[in-house]
Number of protein chains: 2
Amino acid sequence: MSREFKISFMPAERTVYVLPGTPLMEAAARAGIILQAACGGVGTCGKCVIRIVDGECAASESEIKALGSARIAAGDRLACIATVSAPLTVEIPETSLFDADARILVANDDRDTVAVTTIHKTFRRLQPPEHGDCVSDCDRLLQGMTVRQVRLDMLRALPGVLRRSNFEATVVQFDDDVIAVEPGDTRDRCYGLAFDIGSTTLVGTLVDLLTGNQRAVTARMNSQARFGDDVLSRIQLCRSETGGLIRLRDAVVGDLNDMIRVLLSESRVAPEHVYRVVLAGNTTMQQILCGIDPSALGELPFVPVFNRGLETDAAAIGLRLPAAAGVFVFPQIGGFVGGDTVAGILAAGMWEEGESTLLVDIGTNGEIVLAHDGVLTATSVAAGPAFEGARIVNGMRAAAGAIEKVTTGNDGDLMINIIGNRPATGLCGSALIDAVAELLCCGIIDMTGRILPPDELPADIPAALRARVRVQTEDDIMVILAHPEETANREPVCLYQKDVRELQLANAAIRAGIDLLLRRAGLESRDLSVIMLAGAFGNYIRRRNAVRIGMLPPLALDHIRFIGNAASLGAKRALLSRAAIKAVDVIQQAVNHVDLSLDPEFQMAFSEAMLFPEQDR
Amino acid sequence: MSREFKISFMPAERTVYVLPGTPLMEAAARAGIILQAACGGVGTCGKCVIRIVDGECAASESEIKALGSARIAAGDRLACIATVSAPLTVEIPETSLFDADARILVANDDRDTVAVTTIHKTFRRLQPPEHGDCVSDCDRLLQGMTVRQVRLDMLRALPGVLRRSNFEATVVQFDDDVIAVEPGDTRDRCYGLAFDIGSTTLVGTLVDLLTGNQRAVTARMNSQARFGDDVLSRIQLCRSETGGLIRLRDAVVGDLNDMIRVLLSESRVAPEHVYRVVLAGNTTMQQILCGIDPSALGELPFVPVFNRGLETDAAAIGLRLPAAAGVFVFPQIGGFVGGDTVAGILAAGMWEEGESTLLVDIGTNGEIVLAHDGVLTATSVAAGPAFEGARIVNGMRAAAGAIEKVTTGNDGDLMINIIGNRPATGLCGSALIDAVAELLCCGIIDMTGRILPPDELPADIPAALRARVRVQTEDDIMVILAHPEETANREPVCLYQKDVRELQLANAAIRAGIDLLLRRAGLESRDLSVIMLAGAFGNYIRRRNAVRIGMLPPLALDHIRFIGNAASLGAKRALLSRAAIKAVDVIQQAVNHVDLSLDPEFQMAFSEAMLFPEQDR
């Protein structure tokens, strides 16, 4: 293990530990902060400017040229170029954030009203009823306001709230519906939750609806995984077992409620100040979470129950939030192209771009969207949960203790980086890709994915690296990534032959999907102006390695861009903006859905992609 | 007891037993069927025509003149003139019903669509999904339909419903919202419920939304009565006791659920075919039923929590109906002029009339509305539950076994009529009024309401009548209405001095309210073109007796009209017509609310009205 440096980001108050030489953009991504990179991260667009407020960080020639010496002296750097060589405190301006345009703060045109895009709060200082003034509580409260409907819960709370607060209260509206009333002036407390519901991984974000700022984020495994680790096994459970749907639903609803508890207590936000929840997941996950039987997704022609975005409330879903909290479930495109893809398209801005672009969202299902000639085409491939650490012998989620990066040092041996600077407990998806790429490079793994036994290894492999390859039986060969002294339980963390096979399957599914979408549109990979990589773990992948193992076609790295967890990002936008909610319905209707599962060409492309690309050693 | 005749009404299949000489209009009212009587029931407008299909019923000169001999020969009669002298089977044409215009049957402009005014059902015969057709269940079902929102419950049911029914299903909409989907063609099953929520009496009506026909009606005491028999005692419970509101709410919700069970089983309607419920009650009853604290109604200036009509659903109220069933709660005018009065104004058509008219809705609270010069003014007086049989020693609701009518026979003795032709168990409100009126007439009760002891009785009183007056102690004097041999428990049913006092209080409150509304508008009672009498028991009152005891001002009887249970009738209209729902909000905003409770003039008028009017013996 080489020494890592602590990088703190302001104002988000996030901290990560990274190896020397890591670009600040990658460090920020590790911290969940995705920066703008219109040029693909090559230092020309200048949109990723950040400021070093503490610590040493040398400026390059191209940064001086782009920013001028005065700004360099003030600490400004370009995050795509500047690299880590010491502990740093870094300030990130709002304008450099990838999702800056989602942070819509509506001007206060009325001193009494703070308006955000979806939830409005209005403070009212009322005259208490006096002799002869028997105006109803509700009319008194809402006088002069535009109101369509008033929720019964709100009326139930109203008389008590007004009389406890000496008739000073805050009205909460979603559009023209009054959803709550609170004693006193609570305009400064207004929150929403965005959830990315993956088959394997769940990501929850608490968002301040007044500023658009993310207040807290948390991730965990989807407890449904104990019933089967891909969507098909979950659908099968619903088909075969009475109560299967309810068990799966209870599992994920329980997860979300745990995450809500964590997010709220971490940021000291009261549940009653959460007014809106946005859910984005694949079709099966969304239907199960809503309690809608996904059985028809398990047989031809894979029919979802709904397509349009769905408005409901926290009580109907079973979330432990006030019953009036609205819930928006993303629209779905097809049986296996769900709300998470719609959210990704929204976040990536694909539906408004003119160029040919590709979005690859890597999860248990890999969703691939091609924008070309103004047409959006989407498909889904079953990648399996390998990238999320499941089905891998020593696999784990990208959490503290996970090996998240594998590189080759100057001595030719492998170097690892562990999340949280502690002994290793396993490896996560990005390390899996790294390890296979590095081992392909040095010839320990061959084109077919076979780990060569010591007696077949090339002669030029350094002794330390060679010593990592171990054979238990003829069929059981492995590469040690972390030696016993580097791990928590004193057992080595290894990459097994079986793990490489899992990676090959996942890898081939994604690559075959990409190739087929391109082929159908009459395109070659070089026609793409950009490939956008998304997914809960997308920002941890090394682009070079993704190309090296053949997951992505051989494109120059500046045409491959990380856009972070696009589903979460899209969900956040829908939380903050009415326009985004309208846009997703447009997207849902505009996208062509391609089902590759029965396409013989797909089987062919898949077989081809099972072989790793030839390497220049 | 004199002999009663059985009168059966078609097509409603209702039966009542009435005394000879009873006008058919009154008999119909007893059966809950209110007929048109634009002329005030004097045989000139011809709107109350009915047909005798079995039994003897002599035609009068004026009927022959109005209808012609051919129609008379065919059995047609005027219900306001024709009287009972034999058992009859009577057919009532739709056009003669008071609420005929509420029965709006929209023409089928599309063979697949049966449209009613508030709930729409559409039958869909769909192509099941085949290879390559992966349109979602929801889009498949709703293709070509105008849809605003889809309920989550409906989506949960959808995949099962479609696949159980070979993709033939019926869509249920309220406006543009899809609230349910049902297997097969269920267009012929479409029901709603209208409830009149009185402090003492609850009336529920099951309505066929396709035809506007009443399918079943049921009434029962409000179980809240065990916590106190007027609204003030209920409000007091909410103010003084934690959980008081919940106890009261649970009581009335339990009552409604019992009534729903009775109504549905009686008419063999499944709960899932009830799509809409309309609730009309006084302000306190509506707020308690909705779970909204009525405490502020218990102190000056008597502020209600809401005024506008409220849209919610069965689940929110706690009704045992599908969660998606919509519930409309009537708008409220003021603390003591509630949804039942708005419903009454709607049913009486007062808001569109040009003449000066008065609506008197008699319940535990008496609501009085004056229409004059295009302005509506409403007030409420606390009449107490005496008219509904409570606080009366032998009082009971107008149900089987209740003495409902007291008259004086040719022999000068009292005659009684008992509901259901069985031994008496008590007396209801109409009999209370009758008894006092008859006893005032013959001099047994004096102007101050005192029952004269036998030694003070006028000399000309027949022996049989005189023998009915009994003295227990000096303060405990009574008149026997049913002798032990006429009663169920062999104890006499009596009118006690205390009962007369209760009647005086109720009577005086209503009369004082009427007088004050008239005085404020600068009117005399003779300026009124009509007084409309409403209330759960309003149609049982003898108009002559209501005038004799001074409850109503001395108006010619053809200016006093029964309009039945106007609150139920208005609720039924709101169930059937979108226009009615709009109208009630207009009414709510147009009505002036007058609070008489603190008006010193009211106290004066009340004291005056405590004395019975002088009689011409």
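**Reading a two-chain model, step by step**

Student: I would like to begin with one pair of residues. Which residue in β19(B) is the bridge partner of A371(B)?

Tutor: The bridge partner of A371(B) is L376(B). Please keep in mind that we are looking at a predicted model. As for the general idea, strands of a sheet pair through backbone hydrogen bonds, either parallel or antiparallel. Here, β18 (residues 365-372) and β19 (residues 375-382) of chain B form an antiparallel pair with eight bridges.

Student: How many residues lie between the strands in the hairpin of β18(B) and β19(B)?

Tutor: There are two residues between the strands, and D373(B) in this hairpin takes a positive phi near 55 degrees.

Student: Which way do β19(B) and β28 of chain B run, parallel or antiparallel?

Tutor: Parallel: two bridges join β19(B) to β28, residues 592-593 of chain B. You can find the place by looking for T377(B), which stands opposite N592(B) in β28(B).

Student: Now for chain A. In what order do the strands of the open sheet of three strands come?

Tutor: The order in chain A is β23-β24-β25, and the pairing is antiparallel. β23 (469-471) and β25 (493-496) of chain A each have a single partner strand, so they are the edges, with one side of each left without a neighbour in the sheet. From one strand to the next, the twist averages 40 degrees. If you look at β23(A) and β24 (residues 477-482) of chain A, you will find three bridges in the antiparallel sense; V469(A) stands opposite V479(A) in β24(A).

Student: Which helix lies across β24 and β25 of chain A?

Tutor: That is α13 of chain A, residues 497-520, which runs at about 60 degrees to β25(A).

Student: Back in chain B, at what angle do helices α10 and α15 pack?

Tutor: The general idea first: two packed helices are described by the angle between their axes and the distance between the axes. In this case α10 (residues 339-348) and α15 (residues 566-576) of chain B pack at about 75 degrees, and their axes are 7 Å apart. That angle is why α10(B) counts as roughly perpendicular to α15(B). Among the residues that meet are A343(B) and L346(B) from α10(B), and L569(B) and R573(B) from α15(B). By class, this contact of α10(B) with α15(B) has eight nonpolar, two polar and two charged residues.

Student: How many residues of chain A are in contact with chain B?

Tutor: 37 residues of chain A contact 37 residues of chain B. The elements giving two or more residues to this side of chain A are α4 (137-142), α5 (152-164) and β15 (310-313). The largest share, six residues, comes from α5(A). The side of chain A that touches chain B has 19 nonpolar, 11 polar and seven charged residues.

How values were computed:
Residues numbered from 1 in each chain as written. Chains lettered and ligands numbered in written order. Predicted model: local features only at pLDDT ≥ 70, side-chain atom pairs only at ≥ 80, totals over all residues. Pairing = 2+ DSSP bridges. Helix = DSSP H or I, 4+ residues; strand = E, 2+ residues; numbered from the N terminus. Axes fitted to C-alpha atoms, helices over the stretch in contact; angles between N-to-C directions. Contact = placed C-beta atoms within 7 Å. Nonpolar A, V, L, I, M, F, W, Y, C, P; charged D, E, K, R; others polar. Parallel < 35°, antiparallel > 145°, perpendicular 65-115°, else oblique.
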